[in-house]
Amino acid sequence: NIIQTWTRIESDNPTSVLRLPSESELLNYHTKQLTGRDDPPKMASSTVSFIIIIITTVLLSSLSSQLSDLFPSNNPPPFLGKHSHPIKQPNHHQLYRYETRYFSQPLDHFSFLDLPRFRQRYLINTEHWVGPSRSGPIFLYCGNEGDIEWFAVNTGFVWDIAPRFGAMILFPEHRYYGDSMPFGSKEEAYRNATTLSYLTAEQALADFAVLITDLKKNLSAEGCPVVLFGGSYGGMLAAWMRLKYPHIAVGALASSAPILQFEDIVPPETFYNIVSNSFKRESSSCFDTIKNSWNALRSEGQKEDGLKQLSKTFHLCRELTSVQGLSDWLDSAYSYLAMVNYPYPSNFLMPLPGHPIREVCKKIDGSPAGSSILERIFNGVSVYYNYTGEVDCFQLDDDPHGMDGWNWQACTEMVMPMSSDQNTSMFPAYDWDYSAFREGCQRDFQVTPRPRWITTEFGGHDIEHVLKFFGSNIIFSNGLLDPWSGGSVLKNISETIIALITKEGAHHIDLRASSTEDPDWLVEQRANEIKLIQGWIDNYRKKMKATFEI
C-alpha cells in the first residue's frame, strides 16, 4: 500500500522523474498511519527509523523495476541489419553497376561431415580492374547482418576510390542473410537452433576466405592484393579477418567497429551515455524531457484506457497491448538517430535532415504551449519516423524477440553487455543482467550464450599489446558522435594499426559516398585512408617483386 500510494502521488506529476521519498517524508507518513499524529514521538524514532530502512529498500527495488521494465537489458544490440532490404530501384544499379553471382559454400567449414552446401550470393564489378598482369587489387567488403545489395549501395567510398586503384569490387553476402540461405529458404534456415547453429562470425569469415581464394585462382589472380572494408559488424569482421587470415588480405579498413564491446572491456553504460550526450549537447531541456518521459509513459500506461490513449498520441496503426513495445520503438529512434547523426541530409536508415538530433530537439523544445510531455516526444521522434510526412500511422515491430538472424547471433556469441546509468543517461536506469539475458535466449532460441567466446576466438582483452605484436595494416575509423565508438579502438597502436578519429563523425560516415556537402574533416579523413591503403598495396608489390627477383 505504501508503494502504491507513493507511486500514485508521484504519478500525478508526470513531468518529474519518479523519485524516492525522503526520510522525513517516510517518517511522517508512517507516524500518521500508525498513530494518527503528524509528528513522530521521540521514543519511537529508533523503531520508525528501522522501519524506514526496510521500506526504503523495498520501495527502491519496486520503483526501479517499474522503470527498468520499460527498458529490458536483453534486447539485441542496435546494429543496422534490421533496416537492410533488397534494392529494387533501377537508379541504384545505374549508379553502381555490378553482376550478381553465386558460390557454392560448405555449410560447416570446420567439419568433415558430408553436409549440404548452400549458395552464397556475391556482387562483383571488374569495370576498373587492371587485372592480374598489373597486380590489380581486389576490394572486398565484408558483408553485414543484412541484404548485401543494401550495404553495397550504401558504401559509396569503395566505389569512389576503385577507379584510381584499378581495383575489382567484391561484396560477398553474409550467410543466413539476404539470398544466402542455407537449407534452401529462410524458413528452413531459421527453423530451430540446430539449423541456425551454422550462423557464426567464424563461419562467415571462412566463407569470405574460401570465396576469394577460389575466385583469385579461377582468374589467375593469386598475386593480386586483397583489401578488406567493413562498417559496424562488417567492420568487426574486416578487422578479425585481417587478424585471422593475414595471408589472404593485406589490410583492412574497419569503420565503426566495436570489437571491444564485450565482457568487461568497456563499461556497459558506454553506448547509452554517448547517445544521451548527443542529445544533451544539442539541448539540455530536450535531454531532460526525454529522461522524464519514461515515467510519464509508464504512468499513462497504468491508467484505465491508458494504452488506448498512448496509441492515439503516437498515431499507432494498432492499439498497444503493453507499454513495452512503444518503449522499444522510442529507444530505437534515439539510438539510430545518434548513429546516423550526419551533418548533411541522408536516406540511409530513414529520410533524415542534416544534424537530425538537432532537428528532433527543436521539435521537442518548440512544441506548442500546453503540449504534454508525451506529445512533445511524439513531435520529436516524428523527425526520425516520418520526416517526409507521408506516414499516416506507425507500425511497431510485432515480435522483437522473434527468429531473427541478428537476435540469434546476439544470443550465442555476439554478447554485448549494455546498461543505462541513472546519473548520465536519458534512458531508464538498469544494470546489465546476464541471468535475465540468458533466460531470454533460452526461451527464444533454446541456447545458452557464450559471453567469452568472441574474446577467446578473436581477442579483445589487452588489445593494445595484442595488436601491437600480432597485428598490422588495420585502420580503425570512428566518429565520436557514434555510440558504437566507445567500443572501438580509439588510439594508434603501432605504425600500422591506426585509429582515425573525427569529433563530429557518426556511424561509418567515411564509407558513405563522397558529396559536395562533405565537411573538410571528412574529406581529410578519407584522404588519410586512401594514403594508408595505397601504402599497403605498394609495400605488397615491392615485396612480391623482391621475392620474384630472388
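Predicted model: local features only at pLDDT ≥ 70, side-chain atom pairs only at ≥ 80, totals over all residues.
Me: What does the pLDDT of the protein chain average?
Reply: The average is 87, and 81% of the residues score at least 70.

Me: Where is the pLDDT below 50?
Reply: Residues 40-44 are one such stretch, with 4 contacts in the model beyond near neighbours in sequence. Residues 50-65 also stay under 50, and for them the model has 18 contacts beyond four places in sequence.

Me: New topic. What is the strand order in the open sheet?
Reply: The sheet has 8 strands in the order β1-β2-β4-β3-β5-β6-β7-β8, and the pairing is mixed.

Me: Why is one side of β1 and of β8 left without a neighbour in the sheet?
Reply: β1 (99-106) and β8 stand at the edges with a single partner strand each, so one side of each has no neighbour there. From one strand to the next, the twist averages 20 degrees.

Me: Take β7. Is it mostly covered or uncovered?
Reply: Strand β7, residues 474-479, is mostly covered, with 6 of its 6 residues buried.

Me: Which residues point which way from β7?
Reply: I474, F476 and N478 point one way, while I475, S477 and G479 point the other. In a regular strand, side chains alternate between the two faces of the sheet.

Me: How many bridges join β7 to β8?
Reply: There are 6, and the two strands run parallel. I475 has I498 in β8 as its bridge partner.

Me: Which strands does helix α9 lie across?
Reply: Helix α9, residues 201-218, lies across β1, β2, β3, β4 and β5, at about 115 degrees to β1.

Definitions and conventions:
Residues numbered from 1 in each chain as written. Heavy atoms only, no water. Buried < 20%, exposed > 50% of the residue type's maximum accessible area, 1.4 Å probe, protein only. Helix = DSSP H or I, 4+ residues; strand = E, 2+ residues; numbered from the N terminus. Pairing = 2+ DSSP bridges. pLDDT = per-residue confidence, 0-100. Contact = heavy atoms within 4.5 Å. Axes fitted to C-alpha atoms, helices over the stretch in contact; angles between N-to-C directions.
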